[in-house]
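I opened this notebook to keep track of what I looked up, entry by entry. The sequence and the model come before my notes.

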Amino acid sequence: VCLFFMGLPPLAGQAAEAPRSLNLKEALSLAWKANPSLQVSRLEQLIADQEIVRARSGYLPKVKSEVNQTIYDLATRIRVEGGIAQGVSFPIANNNFWTSKVTVDQTVFVFCDTSSRYQAAILGQADSGLETSQVRDNIFLLVCQGYFRVLRGEKLVLVAQQEIVQLTDQLQDAQNLYEFGLTTYNDVLQAEVALADAKQRLITAKNDIVNAKSALNKLIGLPIPTPLSLAEEKDLAAPPLNLTAAADLALKQRSDLRAAASRIEQGEKNVTQPKAPCYPRFYAQAGHFWQQNNAWVHDSQWFAIMGFQWSLFAGLDTRAQVDQARKKVEQLKVQRQDLSDQVHLDVQTAYLALKETAERIQVTKKAVAQGEENLRLNRERYREQVGTATDVVDASTLITKTRVNFFNCLLY
């Protein structure tokens with residue numbers, strides 16, 4: 001039902017929305033600003049920036065504060081053993097008291113941990129930027145494909161309209177000859193069937209344009225129903241590169257390959273990070289301690305500590321983490337090599353398709369002129385009664401197919 005009403009003309013007094021004019025550069029600019037996938041990717045970059053802040057915090061002191069209340073059923077007491085006061089006990093803490101403690105903990109030196117994490121975060125930030133570039137390239141490719149899909153669809157609508165005009169003329173010729181008794185009614189029926197079929201193809205072609213424009217609107221961040229008027233890009237040309245030069249350029253500039261290399265570097269840094277618990281951590285700590293205690297002479301004290309911590313055995317967990325990190329680096333290297341081979345294949349496929357398209361354009365352009373002449377000759381032969389209606393319909397179908405092939409080559 002919704003689709004039905006979408007196809008209705010505007011009501012009286014309600015002007016249709018003017019189509020928005022765009023060229024390819026403007027469409028790409030809109031996609032960069034408003035495409036949801038690119039927005040998500042840019043947010044990933046901001047997340048990676050904060051990961052650097054987190055990693056850098058390992059170089060900064062940690063400040064902690066603690067306040068608590070302790071309640072015992074009986075006060076803690078100490079008993080004297082020996083001497084004249086043997087058996088005498090006295091309290092050393094209240095049974096209900098408050099305690100507060102503030103400490104400043106600074107890592108003086110720790111092997112591998114903080115520095116490896118910080119370097120990995122920097123590489124992760126670079127990798128996030130490359131990931132954004134990769135998403136941008138993929139979205140821009142989809143925008144270009146969608147843009148030319150709309151232009152091709154508009155040309156195919158024109159082709160379908162030309163076919164209707166051709167078959168309408170043939171139907172008129174068949175009716176005229178039938179009225180004069182020169183042909184059978186079969187020629188009229190044949191033209192009517194062919195014309196009805198052509199009208200159905202026109203309906204399909206128009207629907208294809210609506211869908212293509214809606215898909216393009218989604219990519220560039222416009223409301224899906226927005227009408228578009230796209231400019232034809234006549235100044236685009238393929239770069240003058242041979243296959244080897246094109247492959248080398250792709251290997252240097254493809255953002256996905258650069259991102260894969262960055263992930264390998266990041267993974268190598270992550271190999272050293274799990275080793276940190278195997279080495280001692282030197283630290284300095286200072287702070288203030290207060291406890292509510294009637295038995296103490298000084299219930300408030302400042303303190304300073306210098307020491308080191310060393311995990312002597314972690315149940316093989318550290319060794320397993322290091323092995324996992326190394327295997328992940330090997331995995332990333334295999335993936336990068338596979339991606340490199342895929343890039344070679346993509347460039348070769350695109351290069352050969354480009355050459356094929358250039359050759360097909362020349363062939364189909366000539367074929368269009370030949371098909372138009374073929375239709376004209378068959379129509380004249382039919383009017384002179386030396387040709388058949390089937391010859392005219394076949395010629396009309398052939399020129400339509402040739403025009404479709406031409407625009408498919410030109411705007412693919």
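Is proline 223 buried or exposed? I kept in mind that I was reading a predicted model, and I found that proline 223 has a relative accessibility of 52%, so it counts as exposed, the cut-off being over 50%. I then looked up its place in the chain, and proline 223 lies in the loop between α5 (185-220) and β6 (228-230). I also looked up its distance to aspartate 341: the two are 118 residues apart in sequence, and their C-alpha atoms are 39 Å apart in space.

I noted a nonpolar surface patch of about 1,300 Å², to which Phe109, Tyr279, Trp310 and Phe313 belong, among others. The elements that give two or more residues to this nonpolar patch are β5 (96-110) and β8 (300-309). I looked at one member in particular, phenylalanine 313, which sits in the loop between β8 and α8 (317-383) and is exposed, with a relative accessible area of 65%.

Last entry, on the largest pocket. I recorded a volume of about 2,400 Å³ for the largest pocket, and a lining of 43 residues, of which Leu141, Ala238, Ala350, Leu354 and Tyr412 lie nearest its centre. Two or more lining residues come from each of α4 (113-179), α6 (243-253), α7 (255-272), α8 and α9 (389-410). When I sorted the lining of the largest pocket by class, I had 24 nonpolar, seven polar and twelve charged residues.

Definitions and conventions. Residues are numbered from 1 along each chain as its sequence is written. This is a predicted model: local features need pLDDT of at least 70, side-chain atom pairs count only at pLDDT 80 or more; totals for chains, interfaces and linings use all residues. Side-chain values use heavy atoms; hydrogens and water are left out. Patches are made of residues with over 30% relative accessible area and no salt bridge: like charges are joined within 9 Å, nonpolar side chains (Val, Leu, Ile, Met, Phe, Trp, Tyr) within 5 Å. Accessible areas come from the Shrake-Rupley method with a 1.4 Å probe; for residues, only the protein chains shown count as cover. A salt bridge is a side-chain nitrogen of Lys or Arg within 4 Å of a carboxyl oxygen of Asp or Glu. Helices (H or I, at least four residues) and strands (E, at least two) are DSSP runs, numbered from the N terminus. Buried means under 20% relative accessible area, exposed over 50%, partly exposed in between (1.4 Å probe, protein chains only). On a 1 Å grid over the protein atoms alone, a cavity is a set of points where a 1.4 Å probe fits but cannot get out, and a pocket is an open set with protein on both sides within 12 Å along at least five of seven lines; lining residues have an atom within 4 Å of a point. Grid points are joined across faces, edges and corners, and a volume is the space filled by probe spheres set on the points. Ala, Val, Leu, Ile, Met, Phe, Trp, Tyr, Cys and Pro count as nonpolar, Asp, Glu, Lys and Arg as charged, and the others, Gly among them, as polar.
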